Amino acid sequence: MTSLAAQWRTFRAAIFKNVRISLTYRPWLINSLVSPVVWIAISIFTYVGIASPAAIEEGFRELTGSPAFTGFLVLGQTIYSFFTAMNWRGGMALERERFYGTFEMILLSPASRVVMVLGEAVWGIIDSGWVIFLTTVIASILFGLSFNVTDPLAVVVGLALTFLAMISLGLFFSGFYVLSRSAGPIAHAVQSPIRFVSGVSFPISALPVYLQFVSYALPVTFGLNVVRSSLLGGGTTLGLSQELIALVAFTILFFILGVWMIRKMEQVAKSRGTLHTF
Amino acid sequence: METAIQTFGLTKVFQGYSETRKGPLGWVRNKVRPDRKSILAVDHVDISIERGEIFGLLGPNGAGKTTLVKMLCTLLVPTEGTARVNGWDIHEHPGKVRRSVGVVLGGERALYWRLTGRENLWYFSQLYNIKTQQALQKIQAVLRLVELTDRADDRVENYSKGMKQKLHVARALLHDPEVLLLDEPTIGLDPKAAKDVRSFVTRLAEEERKTILLTTHYMFEADELSRRVAIIDRGRIITQGPPSELKTSLRRKEILKLSIRSFNEETGEKLASAPHVHKVIQTASNPSTGSVDLKILVDDGEEALPRIISEIVIGGGEILSLRSETPSLEDVFIELTGKTIKEAGLPPRAA
């Protein structure tokens with residue numbers, strides 16, 4: 001099955017299924033709205049609890065070139081929320097089928113497994129997107145946030161490439177999680193370290209140099225830099241070109257790794273007879 | 001007759017972990033996760049199923065039925081041998097095989113419980129690339145066939161086991177496959193639901209001309225539905241043919257069913273070596289009354305019976321009931337394996 005129409009049907013079906021299932025789990029919305037706002041509040045109060053706003057702004061100016069520490073923290077949480085959405089939606093897409101007991105059934109179908117996961121990941125972006133947007137608005141009102149945009153194209157391109165890199169990462173995780181057979185623990189385990197090294201709550205220049213190498217091996221770091229620079233620091237498309245190219249490279253790399261991982265997962269599972277177990 | 005499914009020495013060995021883990025990392029992994037022994041699940045199976053027939057694969061739990069079905073639909077890669085399904089080799093054309101088979105693996109899972117029956121079918125119709133209008137018509141048709149139309153818009157979580165099983169069958173029919181692989185389609189169902197499933201399995205073969213491979217551990221089900229039956233035990237096909245022929249092979253023998261109180265092992269040994277006695281199988285025991293049920297396969301009932309009675313009485317036993325039966329598929333299984341199908345549900349063989 002290689003026709004575009006067939007791929008579209010698979011993609012649309014993956015989104016449809018998730019929309020319908022999500023609607024039956026409405027209470028999750030409370031957590032999705034509250035949790036990021038609380039995390040932002042924790043970060044902000046951690047700073048203002050130990051120094052005056054003026055001192056914090058001065059410190060941020062030295063480390064990032066911009067004094068907007070509230071915006072830094074709000075956008076940090078926003079982009080990190082997209083990462084967690086991808087981790088749990090796209091990354092856990094195949095493992096969830098295993099949990100439902102439908103994994104063998106979808107693998108029996110001629111549908112592309114990659115398109116299926118991409119459908120789940122895109123739904124993750126859409127579903128979490130409006131919640132994250134709402135959270136950002138709430139946090140902006142609560143904690144005060146001023147934007148400094150000089151190149152709207154940089155904002156649009158930066159966000160789009162960040163989402164694409166996240167979707168690719170989700171695809172990679174989906175194959176990796178099923179292959180590892182320990183999806184839940186690993187999905188939980190990667191969250192906090194990535195939050196730490198990608199600079200969600202503080203500038204990564206505060207990290208030891210060896211950890212900064214780890215930071216720059218993650219698309220989340222580049223996504224954060226691009227979105228913060230374009231929305232708060234007046235960054236332009238040209239000025240952010242290196243980060244944007246890095247995001248494209250991450251998208252391609254994780255897409256290739258993801259496709260390989262999903263194929264490998266299917267091959268190994270069919271050989272070992274572990275498709276139905278979770 | 002045209003062949004729909006043919007297997008050639010199909011074999012599956014589930015490898016033990018220690019055999020696939022090498023080097024220091026493998027050593028660590030073996031320490032962290034305990035070893036799993038290699039298991040020979042299916043052992044050089046050769047079967048041939050004609051187009052349009054219902055073929056029963058009969059065997060106890062753990063005999064290799066599900067593994068065989070999964071290899072035929074390409075969910076499992078065989079260790080050795082191959083099969084052709086609808087003319088396609090499972091190794092060379094797994095995609096074409098998948099498109100031409102409908103599979104029911106049964107159980108309560110394998111459906112999206114939070115979706116309705118209709119939504120489940122729509123989702124899978126899209127994975128099979130069925131155009132929207134066609135899909136809606138086909139969904140309506142399969143729902144009607146399995147008699148689920150009235151409950152099609154209820155969430156699956158509110159379905160009974162029988163309804164879920166019907167939905168499994170409906171899903172398997174969505175893309176109009178020529179071959180249906182039904183793995184234990186009536187397991188766990190109440191008698192009414194099981195009867196419904198059996199009835200539309202028959203209809204599918206008669207009216208829709210589907211080729212059906214049906215696995216079951218219910219003897220009567222295989223007998224009632226199948227044109228031909230293969231009996232599988234511990235991964236091996238031990239006999240195959242039409243149920244009537246398999247039973248006819250035992251015609252010259254009789255089955256004596258006895259219920260005995262105070263039966264002992266020594267008497268059992270004497271009965272087994274008595275003239276005209278072919279096999280003695282204990283089919284049940286009732287500790288509260290101290291009685292056991294025996295099936296004794298004999299060449300000649302009239303000749304064998306006096307000796308059997310005397311051995312039991314001499315051994316201190318009391319015969320509570322005695323009757324003669326015509327052989328069933330269960331008796332064919334007993335004849336070939338020396339045990340009942342329940343007793344045969346033992347751990348699989350190590351490879």
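1. The crossing of H7(A) and H8(A) is right-handed; a crossing has this hand if the near helix is turned clockwise from the far one by less than a right angle, and is left-handed if anticlockwise. The axes of the two helices, H7(A) and H8(A), come within 9 Å and cross at roughly 130°. That angle makes H7(A) oblique to H8(A). Angles under 35 degrees count as roughly parallel, over 145 as roughly antiparallel, 65 to 115 as roughly perpendicular, and the rest as oblique. Axes are lines fitted to C-alpha atoms, for helices over the stretch in contact, and angles run from 0 to 180 degrees between N-to-C directions.

2. The model is predicted: local features need pLDDT of at least 70, side-chain atom pairs count only at pLDDT 80 or more, and totals for chains, interfaces and linings use all residues. Residues are numbered from 1 along each chain as its sequence is written, chains are lettered from A and ligands numbered from 1 in the order in which they are written, and side-chain values use heavy atoms, with hydrogens and water left out. Helices (H or I, at least four residues) and strands (E, at least two) are DSSP runs, numbered from the N terminus.

3. Which residues of H7(A) meet H8(A)? On the H7(A) side they are Val114(A), Val117(A), Leu118(A), Ala121(A), Val122(A) and Ile125(A), and they meet Phe163(A), Ile167(A), Leu171(A) and Ser174(A) in H8(A). Contact here means heavy atoms within 4.5 Å. The residues of this contact divide into nine nonpolar, one polar and no charged. Ala, Val, Leu, Ile, Met, Phe, Trp, Tyr, Cys and Pro count as nonpolar, Asp, Glu, Lys and Arg as charged, and the others, Gly among them, as polar.

4. Helix H7 (residues 113-143) of chain A also packs with helix H1 (residues 4-23) of chain A, their axes coming within 8 Å and crossing at roughly 45°. H1(A) and H7(A) are therefore oblique to each other. H1(A) passes H7(A) in a right-handed crossing. By class, the contact of H1(A) with H7(A) has nine nonpolar, five polar and three charged residues. Among those in H1(A) are Gln7(A), Phe11(A) and Lys17(A), while those in H7(A) include Glu120(A), Trp123(A) and Asp127(A).

5. Phe11(A) deserves a separate remark. Phe11(A) lies in helix H1 of chain A and touches Val115(A), Leu118(A), Gly119(A) and Val122(A), not counting residues up to four places away in sequence. The C-alpha atoms of Phe11(A) and Tyr100(A), 89 residues apart along the chain, are separated by 19 Å.

6. At what angle do the axes of H2(A) and H4(A) cross? They cross at roughly 145° and come within 10 Å, and H2(A) passes H4(A) in a right-handed crossing. Pro36(A), Trp39(A), Ile40(A), Ser43(A), Ile44(A), Tyr47(A) and Val48(A) in H2(A) meet Phe69(A), Thr70(A), Leu73(A), Val74(A), Gln77(A) and Ser81(A) in H4(A). This contact divides into nine nonpolar, four polar and no charged residues.

7. The largest pocket has a volume of about 1400 Å³. On a 1 Å grid over the protein atoms alone, a pocket is an open set of points with protein on both sides within 12 Å along at least five of seven lines, whereas a cavity is a set where a 1.4 Å probe fits but cannot get out; lining residues have an atom within 4 Å of a point. Grid points are joined across faces, edges and corners, and a volume is the space filled by probe spheres set on the points. The pocket is lined by 37 residues, of which Trp28(A), Asn31(A), Ser32(A), Trp88(A) and Arg89(A) lie nearest its centre. The lining comprises 18 nonpolar, 12 polar and seven charged residues. Helices that each supply at least two lining residues include H1, H2 (28-48) and H7 of chain A.

8. How many cavities of 30 Å³ or more does the structure hold? There are four. The largest cavity has a volume of about 80 Å³, and its lining includes Met105(A), Leu108(A), Phe124(B) and His175(B). The largest share of this lining, three residues, comes from S7(B).

9. The second largest cavity has a volume of about 60 Å³. Its largest share of lining, four residues, comes from H12(A). By class, this lining has five nonpolar, one polar and three charged residues.
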